[in-house]
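This report goes through the helices, strands, cores and ring pairs of one protein model. The sequence and structure come first.

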Amino acid sequence: MPKIFTPTNQLRLTNVAVVRLKKTGKRFEIACYRNKVMAWRNNLETDIDEVLQTHTIFANVSKGQFAKKEDVVKAFGDKDETEICKEILTKGELQVSDKERESMFESQFKQIAYEVSTMCVNPTADCPYPPAIIEAAMRDSHYSVKPHHNIKQQALAVIKLLKGFMPIERAQIKLSISFVNKDGEKFTESFGKVKSLRVENEVKTDYSHTYVVLVEPDHFKEIEEIAKKEGCLLDVLSNREMGSSSNCPN
């Protein structure tokens, strides 16, 4: 019985998810594990070996055809194959059926709504919105899922979008700022210009002056830098400070 000849420029793979990127007029594809592509894009998977079936650049995965070296160099320069795979994985288009794409987008849509729900509050009631309310608002505002952006990025974009449709604000961070053996007036001088900062409590002792404050997440780095400069102690008491959800309408 004659041996079956397999060309050396071909590799047969089965049960794969294909991610395709067109660049410099050529098509480049990588073979991935089906359930890992979105996990990588959402930063839930960080090990590239768990995502790729092989660190190989293809011209056509289904036919097992490797990309020509000269085409790869023209498109990606002197990057190694793993870095090229990462670029294709991040920027490329996941090849799925219409039914799979619809299911994937719906799943992402719900994940984004849940993320927004955990990040934000209804400022009127001082409590979080249920994910179902966020989903409905996203549909009313005609938000479209961006498959190449991770969930956190899209959630932040949705928050900006929904501010034009409903009362919604980022949940504040609760911090403790302590000045050891320093006058408490130093607090106002140092932190008084930080936007959104609100003092919730103030405690004085013979040895320290501590402020418990609420601030929007976007200003945390600014506070962190000031605290470091002033040599005061900074503690995060709560990452998402909000009122009781029992105050919210169902």
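## Aromatic pairs

The model is predicted. Phenylalanine 179 and phenylalanine 191 are both buried. Their ring centres are 6.2 Å apart and their planes stand at 80°, so the pair is edge-to-face. Phenylalanine 179 belongs to strand E8 and phenylalanine 191 to helix H7 (residues 185–191), so the pair ties together parts that are 12 residues apart in sequence.

The count of aromatic pairs comes to three. Another of them joins phenylalanine 28 and phenylalanine 76, edge-to-face, at 5.1 Å centre to centre and with 70° between the planes. Phenylalanine 28 is in strand E2 and phenylalanine 76 is in helix H2, so this pair ties together parts that are 48 residues apart in sequence. Phenylalanine 28 and phenylalanine 76 are both buried.

## Nonpolar cores

Which residues of the largest nonpolar core touch the most other members? They are Ile30, Ile57, Ile88 and Leu89, in a core of 24 residues. At least two residues of this core come from each of strand E1 (17–23), strand E2 (26–32), helix H1 (37–41), helix H2 (69–76) and helix H3 (81–91). The most is given by H3, with four residues. Another core, of 19 residues, lies apart from this one and includes Ala113, Val116, Leu162 and Ile168.

Leaving aside residues up to four places away in sequence, isoleucine 57 touches Phe28, Glu29, Ile30, Phe66, Ala67, Val72, Glu81, Ile84, Cys85 and Ile88.

Helix H4 covers residues 98–119, which is 22 residues. At 1.5 Å a residue H4 should span 32 Å, and the 31 Å between its end C-alpha atoms agrees with this. The buried residues of H4 are Met104, Gln108, Phe109, Ile112, Ala113, Glu115, Val116, Ser117, Thr118 and Met119.

Helix H5 takes up residues 131–140, and its buried residues are Ile134, Glu135, Ala137 and Met138. Seen down the axis of H5, these fall within an arc of 165°, so they line one face of the helix. The spacing follows from helix geometry: an α-helix has 3.6 residues a turn, so residues three or four places apart point the same way. Against what do the buried residues of H5 pack? They pack against H4 and helix H6 (151–162). Ala132 and Asp140, on the other side of H5, are exposed.

Strand E10 spans residues 208–215 and is mostly covered, with seven of its eight residues buried. How many bridges join strand E8 to E10? There are eight, between E10 and residues 172–180 of E8, and the two strands run antiparallel. Serine 178 stands opposite threonine 210 in E10.

Strand E9 (residues 198–204) is joined to E10 by six bridges, and these strands also run antiparallel. Arginine 198 has leucine 214 in E10 as its bridge partner. E9 and E10 form a hairpin, with three residues between them.

Methods: Residues numbered from 1 in each chain as written. Predicted model: local features only at pLDDT ≥ 70, side-chain atom pairs only at ≥ 80, totals over all residues. Heavy atoms only, no water. Expected span 1.5 Å × (residues − 1). Buried < 20%, exposed > 50% of the residue type's maximum accessible area, 1.4 Å probe, protein only. Arc of directions from axis to C-beta. Contact = heavy atoms within 4.5 Å. Pairing = 2+ DSSP bridges. Core = buried A, V, L, I, M, F, W, Y, C linked by side-chain atoms within 4.5 Å. Phe/Tyr/Trp six-rings, centres within 6.5 Å; stacked < 30°, edge-to-face > 60°.
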